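I opened this notebook to keep track of what I looked up. The entries follow the order in which I went through the model.

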Amino acid sequence: MKKSGFYRNAGTFLLFGGPSLLAFAAVVVVPFLVGLYLTFTNWDVRTADHSVVGFANYLHVFKDHVFLEQLWFTLKYVFFTVLIANAAAFFVALGLTRGGKGEKWLRTGFFTPNLIGGIVLGYLWQTLFSQVLPYLGNKYGWPLFEKSWLTDTNTAFWALIIATAWQLVGYLMMIYIAGFSGVPQDVLEASAIDGAGRFAVIRRIVLPLSVPAIVICVFISLSRSFLTYDINLALTKGGPFNSTELATYHIVQKAFLSDQYGIGQAEAVVLFAVVAIIALTQSYLLKKLEVES
Amino acid sequence: MKKWKGIALAVCLTLILGTLAACSKGNSSSQESPSAEPSQQAQQTGQASQAPQSDKPVKISFFNTSAEVNQVFEDLFKTYHELNPNVTIELIPTPIGGAQLEKFQSLLASGNPATIANLDAGTILQYKDKFLDLESDKAKYEQLTKPGAVDAALLDGKFLGIPWTAQGYGLLYNKRVVEEAIGGAFDPASVKTRDDLEALFKKIEAAGKAPVMIHGADWSLGAHYLGLAYSLQTNSVEENRKFVEDLKNGKVSLLDNAPFMGLMDTFDLLKKYNARKNDPLVADYNKDSADFAKGNAAFYFMGDWTWAVVGTLEGRDQDFGVIPVPISNNPDDFGNSQIAYSEPKLFAIDNSGSSPEQQAAAKAFLEWLVTSEQGQDAIVSKMGLSMPYKEVKAKGSNVISDSVAQFVDQGKSINIAVINYLPQDYWAKTGASMQKYLVDKIDRKGLAEEVENYWKSNAGK
């Protein structure tokens with residue numbers, strides 16, 4: 001009797017969970033495991049060679065100072081993107097939850113960039129940075145914009161951050177808005193009666209109570225900016241002289257352009273480890289800040 | 001109640017197993033064909049292509065890396081389908097300048113390759129085991145093409161890809177601008193040396209025009225400009241391959257290499273008179289081409305393919321031509337009167353996952369494409385390319401490729417086939433070094449060092 005109950009449960013589970021489990025296995029688990037296996041081989045699609053080489057690929061990754069430099073570049077990029085995108089989204093969300101006129105339209109407006117694909121968005125900003133702004137800069141003599149931002153490593157770095165943050169802001173804003181609407185009205189009223197100013201309300205009440213939203217937003221922006229590829233491809237193409245290649249871009253180049261699949265895949269695993277460690281640590285640390293109202 | 005649950009469970013399992021089975025079926029069928037003996041397969045298709053086509057419907061796919069002309073190919077496929085209703089051709093498009101090779105590799109790795117692939121010769125060489133040896137058709141194509149065209153398409157001595165387009169590059173000139181600057185007719189043959197070029201640049205600058213445009217993209221600088229250094233060593237592809245081998249083994253010092261130094265001296269000259277001097281790396285291809293075509297720069301380091309942009313432009317000048325990039329002050333040096341010329345794209349037929357029927361249909365289609373009136377018209381007039389074939393009735397409007405053809409017909413061409421044997425990433429890596437040199441981030445010594453280091457890192461590959 002007990003046994004048939006087990007089967008019955010398994011059947012129900014498979015009915016509902018089966019299809020999605022299958023999809024998850026097919027597009028995530030299996031490729032991940034195969035990928036992990038490939039890092040121990042010198043796989044080459046041209047010769048279909050699969051011989052196992054042990055940890056040689058990983059050794060190569062840690063000796064490759066170009067990849068390490070690009071990983072550092074990526075870390076800097078992620079840090080500033082997360083910071084800027086979250087700060088901007090937080091204040092935009094604050095501004096758009098005050099009940100002002102046309103708020104819905106503005107929310108839609110801020111969210112729109114998120115609906116544009118990264119490639120299109122990259123080309124859009126590319127035109128802006130390399131054509132429109134230098135044109136205006138030369139016309140009105142703004143030294144900041146006289147040259148294209150994309151032809152210098154430092155300015156191209158900021159161009160990447162601005163474009164990515166611009167796209168992320170709308171999405172994060174929605175989460176923050178949802179977070180703010182979860183702040184109970186009675187607490188806000190009580191604080192108003194106690195004479196708290198607008199700034200004090202934000203700092204002492206809204207901020208602590210929207211920590212869950214912040215945790216989610218930081219996590220999303222972290223993982224998304226670590227895995228940025230499309231904007232990098234369309235905006236700078238790794239240029240000038242391959243100095244703005246983010247880690248993902250470098251991996252694709254390594255595997256598909258330089259035909260070093262094993263090493264490229266090993267770099268991808270290293271990147272995965274870095275992203276996992278950073279994302280988990282930050283959500284663990286931030287979660288500690290959560291309070292109950 | 002229990003019965004229903006049981007049925008539900010059974011249905012679920014069938015569904016799941018069904019999907020699994022569907023997956024595995026797809027795999028096995030695609031693996032079946034490559035396991036068939038390839039040599040035998042090739043022979044069969046060799047015969048099949050002579051025989052009249054069977055009425056069995058055949059579906060073939062066409063992988064295209066000439067992304068700018070996807071639409072033209074698609075129209076051709078429709079035309080061909082109307083003429084041969086049993087053959088359906090499906091286009092696998094790739095984005096312009098985007099992840100083309102990645103897509104090709106993933107198709108190959110998933111055991112689902114395209115029947116026909118329009119690829120760079122170098123890519124075909126890299127995957128030479130995957131493609132059909134067209135030895136049996138070689139004689140036929142030697143008859144059809146201009147002398148030397150098939151030879152230039154050979155990869156390691158094998159005929160794996162059918163040539164269909166030829167391109168040349170050098171210093172393009174805008175005739176009106178040059179003639180206005182020198183105040184008379186311009187004879188392209190008058191520029192034989194670097195000093196000649198500099199004198200001309202000075203006149204153009206004095207006339208208030210930008211003398212030359214350098215397109216700052218890595219492919220232009222790395223593959224086309226620096227690529228000349230490998231091709232200019234000698235006029236033998238084999239010798240030039242040996243030179244690259246020597247580079248890999250660290251036996252060559254570029255700073256002591258005359259063609260490299262000469263080429264870079266000329267680059268310094270171009271750099272000095274560059275229209276994009278203020279911000280050389282912007283590299284907007286459409287804008288650079290348009291500015292040249294409208295007369296904002298007299299010369300442009302580019303090839304006849306830029307007609308795809310220039311040809312349809314409004315308010316452009318009419319007359320353009322090409323001159324070689326002079327690399328020394330001795331008019332007789334190799335390269336000073338020759339134009340770099342190659343067959344960059346070849347049609348190759350897959351031999352790793354296609355059935356003999358598909359291969360036969362592919363051969364028949366390709367022959368139709370390069371010999372029929374519709375095919376030639378599409379390639380020459382619509383794509384604006386020149387064909388290395390003897391009997392091309394269609395007349396194109398591309399005056400730049402006409403100018404290139406004049407050099408080629410006189411035998412004044414540089415065979416740049418050595419680039420087919422270079423690693424796939426050479427243009428991106430050395431192009432980045434050239435970009436650094438262009439913006440004075442490194443000097444000549446630094447450039448030579450970076451390029452040498454790149455080649456050394458490829459030793460033994």
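**Entry 1: a sheet in chain B.** I began with an open sheet of 5 strands in chain B, in the order β2-β1-β3-β10-β4 with mixed pairing. Helices (H or I, at least four residues) and strands (E, at least two) are DSSP runs, numbered from the N terminus, and two strands pair if DSSP finds at least two bridges between them. The edge strands, each pairing on one side only, are β2 (87–92) and β4 (161–163) of chain B. On average, neighbouring strands of this sheet are turned by 25 degrees against each other, direction ignored.

I noted the basis of the model here. It is predicted: local features need pLDDT of at least 70 and side-chain atom pairs count only at pLDDT 80 or more, while totals for chains, interfaces and linings use all residues. Residues are numbered from 1 along each chain as its sequence is written, and chains are lettered from A and ligands numbered from 1 in the order in which they are written.

Inside the sheet I looked up β3 (116–120) and β10 (345–349) of chain B, which pair in the antiparallel sense over 5 bridges. Ala117(B) has Ala348(B) in β10(B) as its bridge partner. Helix α3 (70–83) of chain B lies across β1 (58–64) and β2 of chain B, and runs at about 170 degrees to β2(B). Such angles run from 0 to 180 degrees between N-to-C directions, with axes fitted to C-alpha atoms, for helices over the stretch in contact.

**Entry 2: strand β9 of chain B.** Which residues of β9 (339–342) of chain B lie on each face? I found Ile339(B) and Tyr341(B) on one side and Ala340(B) and Ser342(B) on the other, all buried. Buried means that 20 or more other C-beta atoms, placed from the backbone, lie within 10 Å of the residue's own; exposed means 12 or fewer, and partly exposed is in between. β9(B) pairs with β5 (167–174) of chain B in the antiparallel sense over 3 bridges, and Gly168(B) stands opposite Tyr341(B). β9(B) also runs parallel to β11 (413–415) of chain B, joined by 3 bridges. There Ile339(B) stands opposite Ser413(B).

**Entry 3: domains of chain B.** The assignment, automatic or from a database, gives domain 1 (53–166 + 343–400) and domain 2 (169–341 + 423–457) of chain B. Their centres, taken over C-alpha atoms, are 30 Å apart. Each domain gives 10 residues to the contact, where two residues count as touching if their C-beta atoms, placed from the backbone, lie within 7 Å.

**Entry 4: helix α13 of chain B.** α13 (258–272) of chain B has 15 residues and reaches 21 Å from its first C-alpha to its last. Its buried residues include Phe260(B), Leu263(B) and Phe267(B). The buried residues of α13(B) pack against several elements of chain B, among them α9 (194–206), β7 (297–303) and α20 (444–457).

Entry 5: I counted 12 helices and 0 strands in chain A. Buried residues make up 32% of its 293 residues. The C-alpha atoms of chain A fill a box of roughly 80 × 75 × 30 Å along the principal axes.

How values were computed:
The expected span of a helix is 1.5 Å times one less than its number of residues.
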